[in-house]
Amino acid sequence: MPYPIEHKLVIGIASSALFDLTASHQVYLEGGAEAYRKYQEQQIGTVLDKGVAFPFIRRFLSINKHHPQSAPVEVVLFSRNSPETGLRVMNSIAHYGLDISRACFLTGQSPYTYLPAFNTSLFLSANEEDVRRALDANHPAGLVLPSRTEDDENDGELRIAFDFDGVIADDESETVFKRNNNVDEFHAHETERVAIPHQPGPLADLFRKLSLMQQMEEDAQRANPAYKKILRIAIITARSAPAHERVVTTLKSWGVSANETFFLGGMEKARVLSIFRPHMFFDDQLSHLKSPAGNIPMVHIPFGVANRV
């Protein structure tokens, strides 16, 4: 039997992140809820185009194909649609062969209150209000930014990149830096606290569970050397030495690690992103997400001091 949902790594996805709903949203803006309902009923047989998060979700679900006994991951659809207008979304999910069976249709309401019920370690949406309300309620969430979708079906690897401060870890150190925008003050703070792990940030639980997925892959490869790993995880942070050591301290205390870690010292992250080419990059600062690295799906985590007005 597959693991119960409380033992799985669960990602919640809004239809606005999974599919391109540009045309549907325009109908809603121009004609309101009734025009939107009629439009979706008329288009029920028309498959929605892939959205920004589609390649990420498709690869994430493929973990279950490699571990069918446990099926350790799940994706749940969270939608502001009603069940009737959501039929087109569910039909599109079936068309693309995505193994998504659980769904919440909330008829215009924000779905954030239901995230804990499904053991959700990440909620992805293109609706900024829903993401901010989720984070305000201490639920892990990210805003999927507009991007052109590229999905190489011959590439079975799932590459995920994370910023550190304000994403994996809390914003304690970022608060120190932004107080005076003083790098020396920041480095002094980190050196003084080098042995003290950070408190978890909004995506710490996701990072920890992905690390467990990697351990599962290590075990599978030891049992079968022909097993090809799916997950590849990177941390890409603006930190540099000596502030790098506290990152190591924190991850070690949690019993997790990344495949690749980059301490860029303020260097443009696009230089690394364009080579690593993640299927999702999570950062708390929009300035880091306005990247010339190409068509890389970017997710803004509007958390902490970097996002206070």
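**Pockets, salt bridges and burial: how do you know?**

Me: What does the lining of the largest pocket have by class?

Reply: You'll find 15 nonpolar, 17 polar and 5 charged residues there. The sorting goes like this: Ala, Val, Leu, Ile, Met, Phe, Trp, Tyr, Cys and Pro are nonpolar, Asp, Glu, Lys and Arg are charged, and the others, Gly among them, are polar. Bear in mind that this is a predicted model, where local features need pLDDT of at least 70 and side-chain atom pairs count only at pLDDT 80 or more, while totals for chains, interfaces and linings use all residues. Residues are numbered from 1 along each chain as its sequence is written, and side-chain values use heavy atoms, with hydrogens and water left out.

Me: What makes something a pocket and something else a cavity?

Reply: Picture a 1 Å grid over the protein atoms alone: a cavity is a set of points where a 1.4 Å probe fits but cannot get out, while a pocket is an open set with protein on both sides within 12 Å along at least five of seven lines. A residue counts as lining if it has an atom within 4 Å of a point.

Me: How much space lies in the largest pocket, and which residues lie nearest its centre?

Reply: The space comes to about 1000 Å³. That volume is what probe spheres set on the grid points fill, with points joined across faces, edges and corners. There are 37 lining residues, and Ser16, Leu21, His25, Tyr36 and Arg80 sit nearest the centre. Helix H1 (15-18), H2 and strand E2 (73-79) are the elements giving two or more residues to this lining. H2 has the largest share, with 9 residues. Helices here are DSSP runs of H or I with at least four residues, strands are E runs with at least two, and both are numbered from the N terminus.

Me: And what is the space in the second largest pocket?

Reply: About 460 Å³. Its lining has 24 residues, and Ala238, Arg239, Gly266, Gln285 and His288 are the closest to its centre. Here H6, helix H7 (183-192) and helix H11 (286-289) each give two or more residues.

Me: Why is the Asp165 and Arg239 pair called a salt bridge?

Reply: The rule asks for a side-chain nitrogen of Lys or Arg within 4 Å of a carboxyl oxygen of Asp or Glu. The closest N and O atoms of Asp165 and Arg239 are 2.7 Å apart, so the pair qualifies. Asp165 is in the loop between strand E6 (158-162) and helix H6 (172-180), and Arg239 in the loop between strand E7 (231-237) and helix H9 (244-254), so the bridge ties together parts 74 residues apart in sequence. Both residues are buried. The whole model has 27 salt bridges by this rule.

Me: How do you know whether Gln40 is buried or exposed, and what does it contact?

Reply: Its relative accessible area is 3%, so Gln40 is buried. Gln40 sits in helix H2 (residues 22-42). Leaving aside neighbours within four places in sequence, Gln40 is in contact (heavy atoms within 4.5 Å) with Ser24, Thr85 and Arg88. Gln40 and Arg88 are 48 residues apart in sequence, yet 6.8 Å apart C-alpha to C-alpha.

Conventions
Buried < 20%, exposed > 50% of the residue type's maximum accessible area, 1.4 Å probe, protein only.
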